[in-house]
Amino acid sequence: MSELATPTAYASSFIMTIAGLTINEWVALGGLFIGVATFAVNWWYKHVQTKIMQDKQDLD
């Protein structure tokens, strides 16, 4: 019984926390997510661009 009680308690705590967020908090979390996603996309494209430039330089 104890094996089921712990995950159930954590899951219900998580659900109640999410359900209790206000619209302002949802918008803040959305903004945070968009900021992190933008950083990740910019980093990836800069990484690919640098790799292409290095490969091109190696060919010269």
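Colleague: Happy to look at this one with you; in which helix is the place of Val36?

Modeller: This is a predicted model, where local features need pLDDT of at least 70, side-chain atom pairs count only at pLDDT 80 or more, and totals for chains, interfaces and linings use all residues. Residues are numbered from 1 along each chain as its sequence is written, and side-chain values use heavy atoms, with hydrogens and water left out. Helices here are DSSP runs of H or I with at least four residues, strands are runs of E with at least two, and both are numbered from the N terminus. Val36 has its place in helix 2.

Colleague: Thanks! Which helix gives the largest share of the nonpolar patch?

Modeller: Patch members have over 30% relative accessible area and no salt bridge, with like charges joined within 9 Å and nonpolar side chains (Val, Leu, Ile, Met, Phe, Trp, Tyr) within 5 Å. The surface patch includes Phe14, Trp26 and Val36, and its residues together have about 1100 Å² of accessible area (Shrake-Rupley method, 1.4 Å probe, only the protein chains shown counting as cover for residues). Helix 1 (2-19) and helix 2 (23-59) each supply at least two of its residues. The largest share, six residues, comes from helix 2.

Colleague: Is the protein chain a compact globule or more spread out?

Modeller: The protein chain has two helices and zero strands. Its radius of gyration is 22 Å, well over the 10 Å that the globule rule gives for 60 residues, so the chain is more spread out than a compact globule. That radius is taken over C-alpha atoms, and the rule is 2.2 Å times the number of residues to the power 0.38. As for the box filled by the C-alpha atoms along the principal axes, it is roughly 65 × 35 × 5 Å.

Colleague: And how many of the 18 residues of helix 1 are buried?

Modeller: Buried means under 20% relative accessible area, exposed over 50%, and partly exposed in between (1.4 Å probe, protein chains only). In the protein chain, buried residues make up 0% of the 60 residues. Helix 1 lies largely in the open, so its number of buried residues is zero.

Colleague: One last thing: which residue forms a salt bridge with Lys51?

Modeller: A salt bridge needs a side-chain nitrogen of Lys or Arg within 4 Å of a carboxyl oxygen of Asp or Glu, and a search of the whole structure finds one. Lys51 counts as partly exposed at 46% relative accessibility. With the closest N and O atoms 3.5 Å apart, the partner is Asp55.
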